[in-house]
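Welcome! Here is a short briefing to read alongside the sequence and the 3D view. Take your time and find each element on screen as you go.

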Amino acid sequence: MNESVSVALKSDLIGLFEKSNGELESGSGHFINFHREKALSDFNRLGIPNVKNENYRYTPLEQYFNGQYEMELSPNPSKVDIRSIFKCDVPELDTHVALVLNGFFAAGVQVNGLPEGVVVCSLGEASVKYPRLFETHYAKYADTSADGLVALNTLFAQDGFFVYIPKNVTIEKPIQIINLSHSFKNLRITRRNLIIAEENSTCNIVVCDHSLCNNGYLTNSLTEIHTGNNASLNFDRLQNENSRSTQINNLFIHQLENSRFSSNSISLHGGLIRNSFYVTLNGTGAEANLNGLFLCDDRQHVANFVLMDHASPLCTSNQLFKGILDEEATGAFNGKILVRKDAQKTQAYQKNNNILLSSTARMNTKPHLEIYADDVKCSHGATVGQLDKDALFYLRSRGIPEAEARHLLMYAFANEIVSRISIPVLKERIIDLVDKRLKGELSKCNDCNIHCG
Amino acid sequence: MEESQDNLLNEVTGGVYKYGFITDIDTEIIPKGLNEDVVRLISAKKNEPEFMLEFRLKAYRHWQTMKMPEWAHLTIPEINYQDIIFYAAPKQKAGPLSLDEVDPELLRTFDKLGIPLEEQKLLSGVAVDAVMDSISVKTTFRETLAEQGIIFCSMSEAIREYPELIKKYLGTVVPYTDNYFASLNSAVFSDGSFCYIPKGVRCPMELSTYFRINAANTGQFERTLLVADDDSYVSYLEGCTAPMRDENQLHAAVVEILALENAEVKYSTVQNWYPGDKNGKGGIYNFVTKRGICKGDNSKISWTQVETGSAITWKYPSCILRGNNTTGEFYSVAVTNNYQQADTGTKMIHIGKNSRSTIISKGISAGHGQNSFRSLVKVLKSAGNVRNFTQCDSMLMGDKCGAHTFPYIEVENQSAVIEHEATTSKIGEDQIFYCNQRGIDTENAVGLIINGYAREVLNKLPMEFAVEAQKLLQISLEGSVG
């Protein structure tokens, strides 16, 4: 991608912003609008990151931004009944469900029975209703000056979901957010989410991404998460979109003392998926666990980027990312552990294992440590290989056909991540989905009418 | 305990660089600065044939279009290339034929360095090419080697006497366009070593080059070219020292290795340039491009380096594994103390089938040192059944230093098996306690642990160097336990 294309792309996007600015601002609260100006100047400086940017070295994003997309500036009252075509993949899952359609929190979806004080609502609405929370948290963790996509998201931010869990509250049932992309046009979607888990609170959040038609979607999603002292947050994510979709997920997690954050990201399907995790362990004793599994084939690209910032002493972090790549799929893992000078007694681990199934699949990995404190235990490991021939032989010598044996081994490989999902029903369902995905049967997904892929 | 550890640390960081003397000999230098005339002047001074001048000028013109790269994890003050003397040579007669003709002051210098330059030290069995400032001073054992058809001489001689070989191989592994410092080197390199091992010859002794920067304000730009023809074997050593000076000096070298079919080359470096004083003043900027190509099938290149010196080290001895069944190895110990910075590692480019590579790196940071390991393992589509194992361990001593790793793994072939692992830690209190309990004091315990930690790499060094390297490690790190 040459320089002039980058410049053209950037000015197109800025032009788009200028044209739609009025409408963007009118629907948003003060604190969302307040950050647009800086975001604009930052985006003007940074543009869409290209492969020359070290953090995007293996993910040529620009080409994905070049397609023709339309943008919705207000929730589009859908003529179709979502419920009739979409059924949750995990029907038995007892959750507080909220729907986000094309980036807008779907009005009319009730989130019932939440404990007192807990808020699950539209981000736009919350920015007007809870100015103080927004002043403290909105755009405080996602720094627009560091990344063009963060600036772009902040520039176009209008809506998404907002979750607030007050002090000392434990929510038994998981909160499930379903992000749907559904449109008869190719769509550019900006989603901005904010999760605030106050002191001593406990919560499970499940986020599922689906596309309901085979149009192209370019989603730029950004979620800021704040966990107060001793808070515990489980964040599971299932990504299952069509192969024409481009999904950029930036996750900024800000953790205070003794808080615990765990995330399991299962990327089943999508054209391009880029998951970026920026975790700041900003209080003594905080703990972060990031797990990720991606399965890709065709010409899909899945990239996981992690910046684990140990800014305080006595924190622990674990990263485990695994990938299976088939056909012409490409994958990237770019993980960085940064241990700052005063972050003594840090324990930070990182592991990335990948299996290549075809001669045309490609995997690039860069596990990366930057350490400025001496009393630490840090390690990282990365492997790229294929299914263990000995194990395959072992299975076959016991009468298991090759295809099945291969499937078994892949399944076992993936299971290390899936087994970490803490909600039993969800785990079972995802095991089933992964199983199907590995058999290439995902398009025949249970109750869903959509044939992904 | 805390205080005594601090004392130990001070003792170590205050350790005097023992090679910091200056030799008082006549030196011929040219004026400071760099332009096309300087490039021509260097070439003329060395009576080079036309093709070399052209090579240099092309490199110089290309260098002018380049910018200093900024990707390394280093803080490098701006370098003023007009303030550097690009050519400094100890004055000597038309080329010494025997030791008697070499300036005795020079010989004493190399004596002090413990280099077996004099042939009376025949027993040590090392053939040495010594490069002082920019000029190769003396090559020993030439005749013995010539009997077997081995060419081992200074680069300038090689250019004059074996222009065909130079034309054929120079710049083929590291082209003059390769990177900023390689281009600079190609334009202004003054000397270096050349070595050619003919077909089927197993070099009977270790070959060695000793580099020394002596004159002030100079840069040293040497160029080494090593060609191992089919079925040959050579082990090559390289050592470096420099006097202590307040200003920084630039060292931008290029080493090229070609291993043809079934050839094996072992290249060992003990780099001990002046690292600067304990406040980070002075020291050598060591920006080196080292690359070998396993061109023929079944060939092998093995890099071993012990990096203890230099204010800033920036080097990645690499292997291009072009032939089938080729092997690339990289063993490294890098120490940064005081305000030293190092960004070092390797690249293994797998092109041939069944190629194998091993990377073992041990980084040790103390004081305010910043130590980065950077590696690339790239498996091209053409390379089936590739195997790589990478291990990079870092050890931190003290809370002001840093240890970083930047491994890149790029795999385009499904049959590759690539493993990478890294750990970062400090010397365990329990390890020290264990030693103390058995009557070993803390200082010796640290030496023991460090040498154990680096053993995998030190074991790969030839005997002569292993001893020196172990001593170096001990000097720079004894007792610096945090």
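Predicted model: local features only at pLDDT ≥ 70, side-chain atom pairs only at ≥ 80, totals over all residues.

**A helix pair in chain B**

- On the helix 9 side, the contact is made by Gln431(B), Ile432(B), Cys435(B) and Asn436(B), while helix 10 of chain B brings Thr442(B), Ala445(B), Leu448(B) and Ile449(B).
- Sorted by class, the residues of this contact between helix 9 and helix 10 of chain B are five nonpolar, three polar and no charged.

**Two helix pairs in chain A**

- Helix 3 (residues 36-46) and helix 8 (residues 148-156) of chain A cross at roughly 145°, and their axes come within 8 Å.
- Is the crossing of helix 3 and helix 8 of chain A left-handed or right-handed? The crossing of this pair in chain A is left-handed.
- Helix 3 of chain A takes part through residues including Ala39(A), Leu40(A) and Phe43(A), and helix 8 of chain A through residues including Ala151(A), Leu152(A) and Leu155(A).
- The contact of helix 3 with helix 8 of chain A has seven nonpolar, two polar and two charged residues.
- Helix 10 (residues 402-418) and helix 11 (residues 424-439) of chain A pack at about 145°, with axes 10 Å apart.
- The crossing of helix 10 and helix 11 of chain A is right-handed.
- Among the residues that meet here are His407(A), Met410(A) and Tyr411(A) of helix 10 of chain A, and Ile430(A), Ile431(A) and Val434(A) of helix 11 of chain A.
- This contact of helix 10 with helix 11 of chain A divides into eight nonpolar, one polar and three charged residues.

**Where the two chains meet**

- How many residues of chain B are in contact with chain A? There are 31 residues of chain B in contact with 31 residues of chain A.
- Strand 21 (387-397), strand 22 (402-411) and strand 23 (417-425) of chain B each supply at least two residues of the side that touches chain A.
- Strand 22 of chain B gives the most to that side, with 10 residues.
- By class, the side of chain B that touches chain A has 13 nonpolar, 12 polar and six charged residues.
- Strand 22 of chain B also runs antiparallel to strand 19 (residues 362-371) of chain A, and six bridges join the two strands.
- One bridge to look for pairs Asn364(A) with Glu410(B) in strand 22 of chain B.

**The domains of chain B**

- Chain B is divided into domain 1 (23-426) and domain 2 (427-482).
- In chain B, 25 residues of domain 1 are in contact with 21 residues of domain 2.
- Several strands of chain B each supply at least two residues of the domain 1 side, including strand 9 (233-241), strand 12 (264-271) and strand 21.
- That domain 1 side of chain B divides into 12 nonpolar, nine polar and four charged residues.

Methods:
Residues numbered from 1 in each chain as written. Chains lettered and ligands numbered in written order. Contact = placed C-beta atoms within 7 Å. Helix = DSSP H or I, 4+ residues; strand = E, 2+ residues; numbered from the N terminus. Nonpolar A, V, L, I, M, F, W, Y, C, P; charged D, E, K, R; others polar. Axes fitted to C-alpha atoms, helices over the stretch in contact; angles between N-to-C directions. Left-handed = near helix turned anticlockwise from the far one by under 90°. Pairing = 2+ DSSP bridges. Domains from an automatic or database assignment.
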